[in-house]
Amino acid sequence: MDWLIDIIGPGNVSLASTIALYSFVVAAGVYLGKLKIGGISLGVTFVLFVGIIMGHFGYIVNAEVQKFIREFGLILFIFSIGLQVGPGFFSSFKKGGMRLNGLAVAGIALNVIIALAIYFIDGDTDIAAIVGVMSGAVTNTPGLAAAQQTAGNAEAINTMSMGYAAAYPLGVLGIIGAMFVIKGIFRIKTDREIKIIEEETQNSVSKPNIISIQVTNPLISGKSLVQLHHVIQCDFVISRLMDETGQIIIPTSQTQVRVGDKLMLVIAASDVERFESVVGPEIEMEWEDVTPSNVVSRRILITKPQYNGVMLGALRLHTGYQLNATRVNRAGVDLLASPDLRLQMGDRITVVGDLNDIDRLASKLGNSMKRLNEPNLITIFVGILFGIILGSINVGFGMKLGLAGGPLVVAILLSRFGYKFKLVTYTSTSASMFMRELGICLFLASVGIGAGAGFADTVFNYTGMWWVIWGFMITFIPLVIVGSIARGVYKLNFLTIMGLFAGGYTDPPALAYAGGSTGSDSPAVAYSTVYPLTMFLRVVAAQGLILALM
């Protein structure tokens with residue numbers, strides 16, 4: 001039985017025992033995280049606490065191995081988040097990013113103010129301990145590392161580590177607790193917030209609408225569709241046209257419209273009124289009942305890499321295939337099929353025309369789910385490589401984005417501009433979820449095992465008690481203030497506030513909880529919006545306090 005004790009016994013750092021320890025911590029943490037107490041579950045966050053328990057009972061991991069697993073897990077998690085939210089990152093920043101980042105900066109300022117107030121009011125506590133507590137309270141490991149590097153001496157480094165370990169667990173719980181407080185103060189119903197997000201997405205002014213229009217304006221009678229585009233000056237697609245004789249055709253750019261024609265129109269909601277004022281009123285019509293059997297509508301899946309980044313107009317669908325493209329579905333969102341829209345792997349194009357022509361186009365574009373099931377490992381590891389390089393660059397005042405900020409920024413840029421470098425960023429939902437969950441579990445297990453060894457001795461005494469209290473104050477008070485402003489003044493959706501909390505504290509566990517409890521990607525979008533600036537300022541704040549007061 002000695003061989004079994006060597007594997008599962010405490011104090012061993014062999015490869016087998018390390019793998020066994022991580023496997024147990026992750027499996028037990030995920031299982032316990034699914035249990036609900038009062039209708040509440042912590043999800044994968046419970047991995048952290050199982051790790052602390054195991055560390056407390058003497059289970060250890062080689063320091064270098066633990067650091068590698070922790071950082072690599074964090075990189076996997078953050079990189080997958082960046083790929084997921086990247087396509088919507090820039091548009092979300094334009095719509096409300098300045099406000100979200102302003103609220104995040106206000107939260108950082110409040111964290112620093114409270115930390116300084118504790119330092120000057122207490123008088124006897126070293127600034128190294130305060131910085132460590134603050135870093136743990138806001139769950140920001142890069143800030144801790146930067147402050148330790150700035151401090152230099154071993155005593156300050158150890159003090160910061162203990163403060164961080166004392167504040168971190170309640171830091172995670174404090175963020176989630178603040179979500180519940182804001183939810184209670186404003187009597188928020190999560191289901192209703194999710195429904196509002198879904199309705200806003202469905203009713204977005206840029207979302208394509210399919211309507212029927214009858215031409216009644218004699219001034220445009222005889223004009224081609226190209227001329228109509230110049231007159232109305234908006235994007236639209238006419239997928240079918242019925243003339244006065246009842247004949248249905250698939251129109252081209254040179255097809256002329258005449259009074260009495262009926263059009264099947266795909267257009268953004270914001271442009272409907274403009275189109276009707278020029279062409280004619282909307283009518284009720286069942287096109288399926290009158291459309292010839294040889295004219296059908298089908299969706300074609302783009303699975304050939306050579307079409308990644310190609311403009312839709314470059315396919316010349318009508319010239320080569322006698323087809324019209326009406327919509328492009330990307331990650332569950334319908335986009336108007338404008339000629340200048342750049343296609344991506346995994347897009348689904350809705351086309352109208354003869355079934356034989358559709359089959360020819362499908363063969364050209366791929367239309368194979370099997371190809372999408374193959375992971376694009378080149379893109380993932382090229383992105384991680386350049387993310388690490390970016391994170392290691394001095395961005396000013398000796399600050400760096402670190403191993404989390406760098407990969408996140410690169411992932412966002414790759415998801416938006418990767419096609420220019422012939423990199424396919426499409427990742428299936430199951431592959432993305434696996435990478436994200438594996439990464440966060442490895443990260444939490446490493447942090448928990450590392451903090452568990454000295455956790456009881458650090459926390460369960462008079463000094464540690466105050467560190468925990470101070471940490472909770474630094475965590476909780478700014479979140480309640482910022483959350484109240486976000487909801488009470490700016491009327492932000494609760495899912496966005498959850499992402500703001502997690503991103504403002506650079507806290508993957510809180511994001512994992514927000515995403516898991518709501519089943520929505522909205523928290524991830526808000527998280528990614530504020531994360532880059534927040535990460536930089538967290539590092540600046542921690543280093544600044546050491547430089548100014550130590």
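With which residue does aspartate 357 form a salt bridge? Select arginine 360: the closest N and O atoms of this pair are 3.2 Å apart, a salt bridge being a side-chain nitrogen of Lys or Arg within 4 Å of a carboxyl oxygen of Asp or Glu. The model is predicted, so local features need pLDDT of at least 70 and side-chain atom pairs pLDDT 80 or more, whereas totals for chains, interfaces and linings use all residues. Residues are numbered from 1 along each chain as its sequence is written, and side-chain values use heavy atoms, without hydrogens and water.

Aspartate 357 and arginine 360 lie 3 residues apart in helix 13 (residues 355-365), separated by about one helical turn; helices are DSSP runs of H or I, at least four residues, numbered from the N terminus. Aspartate 357 is buried at 15% relative accessible area, and arginine 360 is partly exposed at 41%. Buried means under 20%, exposed over 50%, and partly exposed in between (1.4 Å probe, protein chains only).

Next, select glutamate 193 and arginine 487, a salt bridge with its closest N and O atoms 2.9 Å apart. This pair links distant parts of the chain, 294 residues apart: glutamate 193 in helix 8 (residues 190-202) and arginine 487 in helix 19. Glutamate 193 is buried at 3% relative accessibility, as is arginine 487 at 16%.

Finally, move to aspartate 507, in the loop between helix 20 (494-504) and helix 21 (508-518). Aspartate 507 is buried but has no salt bridge. A polar atom of the aspartate 507 side chain lies 2.8 Å from the backbone nitrogen of alanine 510.

Definitions and conventions
Helices (H or I, at least four residues) and strands (E, at least two) are DSSP runs, numbered from the N terminus. Lys and Arg count as positive and Asp and Glu as negative; His and the chain ends are not counted. A polar contact is a pair of N or O atoms within 3.5 Å; within protein, one must be able to donate a hydrogen and the other to accept it, and residues adjacent in sequence count only if both atoms are side-chain atoms.
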